[in-house]
Every structure is written in C-alpha cells, then in structure tokens.
Amino acid sequence: MPKHKFIWRALLAAALALLPLASAAAAEPAPANAIKVGLLAPFSGPFADFGDQFMKGVEIYMQEHGDTVAGHKIVVLKRDANGVDPAQTKRQAQALLTRDHVQFLAGFGLTPDALATGPLGTEAKVPMVIMNAATGFITAKSPYFVRFSFTLAQLVTPLGQWAVQNGLKNVYIAVSDYAPGYEAEKAFDKAFTAAGGHIVGSVHIPLLNPEFAPYVQRIKDAKPQAVFLFLPTGQQPTAFVRQYIQFGLRKAGIKLLGATEIIDDQALGMLGDDALGVISTQVYSYAHPSALNRKYVSDWKKRFGAHPQPDFMSVAAYDGMAAIYAVVKRLHGIIDGDKAMAAFKGLKFESPRGPIEVDPATREMIENIYIRRVERVNGELVNKEIVTFPAVKAP
Ligand code: PHB
C-alpha cells in the first residue's frame, strides 16, 4: 500500500475510533463534580423571546464571572418549556431532576411553567430560581422557590398611586386572561381607587389572542382618560399598541399605562414617535443610568449586537445566576436543597436594575420600581425612568 494511503486509512480509523467518545461527550459534557442548572423556558413558539433573553443574561454573567465556582464547573442545561403547555414543562422538569440530576432549576417564563414544576422541585428538594413568572402566590406554593423578577402586585401598586397623583381619575383596565392578569387588575384597582380614582370598565383578553380590535374599540367607546394594560411581554403588547394607535385612542388623548415591558425594543423600532409618552412600570430599563448597567449593556452589545436590547428578563436571569454562584460559593459546592434555600435568603447585591435583596421572609425581591415614560434621549427612543419607588417589597 502506498505510504500516503496508509496514513489516510490510519487517520480515518483513529477518527472513527474517537467518534463514540465524541458523541458520549456531547451527551454528557459535565465533569463529575459539575453543578448543573436546568434552565426551563420557552425557546420556541410565541414566547420564545423569554428563553432568548434568559439565556443571554446567563451567558453574560458567565462570561464576566467565569464558569467555575469553588472548584466546580457550572453547567447550564437548556430545555424548551412553555407556559402554554404545562404538561410539556412538567416532563422537561422531571427529566432534568431524575435523569440529569440538576442541583438547581431556573428560568420559568410564564406563571403556568412555575406552577407545573413546583410540586416536582418540592419533592426533590431542589431550589427553583424564578427569572420571570410573576404571579404573587407562586412562591407560597413551595419553600424551594426564590424569585428574581417581581410580582405583578409589587409592580402595579406604585403605578395605581402615581396615576392619581398625575391627574388621572378614570381608567379602563385591559389584562390578559390568566393569573398574572387577574393580579395586575386587582392590584391596580386597589391602589387606584384607594387614592381616589375610578375604574370605568375592564376586559380580560385570552392569552393566545391575536386580535385586539374589538377590545380597543370597546375601550375607546368608554372614553376613559387612560387604559391600564397588562399583556405578557412580546408580540401581544406590540400588537395592542398598534391598534390603540390605528383606532385613534392616542389621538383622542387616552393615555396608555402598562405593567411590565409593553413598549419593548422591537415595538420602539416599529412604532417610532407614536410610542412617545407611553407610561409603564418596571424594575429595569435598558436606559438605567448606573455604571453596572452601562457595563451590562456594553458586554451585551459586544456579544449579541445592538438588537434585541437586553430587557428585564435578561437581567433577572443575570441576577439569578449571580445568586446561584453566591450560594454555590457559600456551600463550597456541596449543594443541599435546604441549605441552599437558607443561603438565598437575605442575599443582597447590586444588579443592572439597581440594588436588590432577597426578602428572607418571602423569598421575593426587595427592589426599586420605576415609572418610565417613552422619550427620545440623545436621538434614541427609550423607556426613561421618571419616578423611582425605592426598595419596594412584594405586598
Ligand atoms: C407570567 O406569566 O407570570 C408573566 C409573563 C410575562 C410577563 C410577566 C409575567 O411580562
């Protein structure tokens, strides 16, 4: 056999011999003492943005702080779960716990994701780090939940007070027809009416509803001074705001008050100056003027480009990861569920959103709530923080 053929065959044989190893490594990349974090979130479907924002926040944290804590490699296992399919979420959570033996579950985009997983995490005594799902009662369902986002009542109560202080007396409520929507409605109604406001009507919009015209028309006919809106961030609020403009509500002077990110980066791009003046309540703004946020945004742009911009979900994921690192460090890498939960309680650090603390009594965030208004700052449309309610606890 000519020498070069022999060498090629030998190389091929060596490569083939390595193949099983390579595929085994792909299936189980974690070293034996790795700490595994199962990241459950929608990565496909109408809420795929949630998973994208979570993953990017996690990656930025790991890029800035390395992938090893107390000598243990941190491995993130990403699984597609979707709050609109709790049975699938449950199957994914079960596999992460029983097959992958994760030490932490994290993510949880929509409230039903968290509710479907709660009993499994409780039984396995595995901490569940919530990076978005925001219905208040979730954390009471399991002592293994800790939340790095907010609750709807925490977010909306300051907005109800602010609305009355800013001359709004008659408001129409439009919310998504599932648990966070009901909580947003109740909290806004309570704070707003206690301060002297009057609710002129309310409507519940189905979670997967693509058509907002009938709702927008009904709101216009009621002639309120403002509409309070909660729809899960992403395609829905953008579609609603478009119809609010098309149906002339903005022209009629009906103000828009939103819970969470109703005007995101994509909506700003699509609506342009039509978005000016929209008010929303959030725990984070891309334009938050702090050194840490400037670094966060700059690291994000270098790694992922200018769009999509980071939003509150990415920041909750970044902070959730910071907390997991802190807990792993405190426990020297030996993760016991109960000790981990004790270590989460009272954690306090600076986030790109501002200072945060895990309330030891409730496992909820103590954090600033910002009322923001869409404004043009240095030529760029942003949700500018105009009022800060400092260190708000979840009610
Ligand atoms: C939720 O389902 O809890 C949820 C979803 C999207 C949000 C906020 C809360 O923007």
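With a relative accessibility of 14%, Lys56 counts as buried, a label that here means under 20% relative accessible area, with exposed meaning over 50% and partly exposed in between (1.4 Å probe, protein chains only). The model is a predicted one, with local features needing pLDDT of at least 70, side-chain atom pairs counting only at pLDDT 80 or more, and totals for chains, interfaces and linings using all residues. Residues are numbered from 1 along each chain as its sequence is written, and side-chain values use heavy atoms, leaving out hydrogens and water.

Lys56 has a salt-bridge partner in Asp52, and the closest N and O atoms sit 3.1 Å apart. Such a bridge puts a side-chain nitrogen of Lys or Arg within 4 Å of a carboxyl oxygen of Asp or Glu. Because the two residues are four apart in helix α2 (residues 48-65), about one helical turn separates Lys56 from Asp52. Helices (H or I, at least four residues) and strands (E, at least two) are DSSP runs, numbered from the N terminus. Asp52 itself is partly exposed, at 28% relative accessible area.

In all, the structure holds 15 salt bridges. One of them pairs Asp359 with Lys393, at 3.9 Å from N to O. This pair ties together distant parts of the chain, 34 residues apart: Asp359 lies in the loop between β13 (354-358) and β14 (365-377), while Lys393 lies in the segment after β15 (380-392). Asp359 is buried, with a relative accessible area of 8%.

Arg373 bridges to Glu375, with 2.8 Å between the closest N and O atoms. Arg373 is partly exposed, at 32% relative accessible area. Elsewhere, salt bridges with shared partners join Glu64, Lys295 and Asp299 into one network.
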